[in-house]
Amino acid sequence: MSNETNNKEGVSRRNFLSLASWGAAILASIPVVGGSLRMMKPTVHYEESTKFKIGTTENFPIGTIRKLDDQKVFILSDDEGLYAISAVCTHLGCIVFKTELGFQCPCHGSRYNERGKVIAGPAPRALPWFEITQDVNGTIIVDASKEVPQGTKYKFV
Ligand code: FES
């Protein structure tokens, strides 16, 4: 009787240990299988394009001051040409607004003159100016990844 009980307990214990080890193996393999499945699908991060079309010269008569909210850029036009100035404050990245004398940041009060040069901190440097080109159809393209020297203005026909 005692032997039979031991056998039953032994088998039961063996079954329990077997099930427990299978369970542990399955649990341990979940991250590996999950990671492998995840690697089968490529992870692609799409970044916003730094180049964008803004229309033709007719859209920007002399005296134009237009803020493109999505691109965070000001497009301005005067008798010397068309130019693009970043609307992103060089302090901590808030979006500046246009004032009569230039630009101002609403976050910490930095002020820039009409060319984007800092006239009151804490902004550490001027607002960048961006390259403007024109394609064969006359469409004007701004490339916010290409800075140009302050004062660079573009005349298009
Ligand atoms: S983010 Fe513009 S002054 Fe601080």
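A disulfide is a pair of cysteine sulfur atoms within 2.5 Å, and a search of the whole structure finds 1 of them. Welcome to a quick tour of this predicted model, in which local features need pLDDT of at least 70, side-chain atom pairs count only at pLDDT 80 or more, and totals for chains, interfaces and linings use all residues. Residues are numbered from 1 along each chain as its sequence is written, and side-chain values use heavy atoms, with hydrogens and water left out.

**Confidence**
- The chain has a mean pLDDT (the predictor's confidence in each residue, from 0 to 100) of 86, and 91% of its residues reach 70 or more.
- Residues 1-5 have pLDDT below 50, and this stretch makes 0 contacts (heavy atoms within 4.5 Å) beyond near neighbours in sequence.
- Where pLDDT is low, predicted coordinates should not be read in detail.

**The disulfide and other cysteines**
- Cys94 and Cys107 form the disulfide, with sulfur atoms 1.9 Å apart.
- The link of Cys94 and Cys107 is left-handed, at -95° about the S-S bond.
- This pair connects distant parts of the chain, 13 residues apart: Cys94 lies in the loop between β4 and β5, and Cys107 in the loop between β6 (102-104) and β7 (111-113).
- Strands here (E, at least two residues) are DSSP runs, numbered from the N terminus.
- Cys107 is partly exposed, at a relative accessible area of 37%; buried means under 20%, exposed over 50%, and partly exposed in between (1.4 Å probe, protein chains only).
- Cys89 is buried at 4% relative accessible area, and Cys105 is buried at 3%.

**Around His91**
- His91 sits in the loop between β4 (81-86) and β5 (97-98) and is partly exposed, with a relative accessible area of 28%.
- Leaving aside neighbours within four places in sequence, His91 contacts His108, Tyr112, Pro122, Ala123 and Pro124.
- The C-alpha atoms of His91 and Pro122 are 6.4 Å apart, although the two are 31 residues apart in sequence.

**Strand pairing at β10**
- Strands pair if DSSP finds at least two bridges between them.
- β1 (residues 51-55) runs antiparallel to β10 (residues 140-148), joined by 4 bridges, and Lys51 has Asp143 as its bridge partner in β10.
- β9 (residues 129-134) also pairs with β10 in the antiparallel sense, over 6 bridges, with Thr133 partnered by Ile141.
- The hairpin of β9 and β10 has 5 residues between the strands, and Gly138 takes a positive phi near 90° there.
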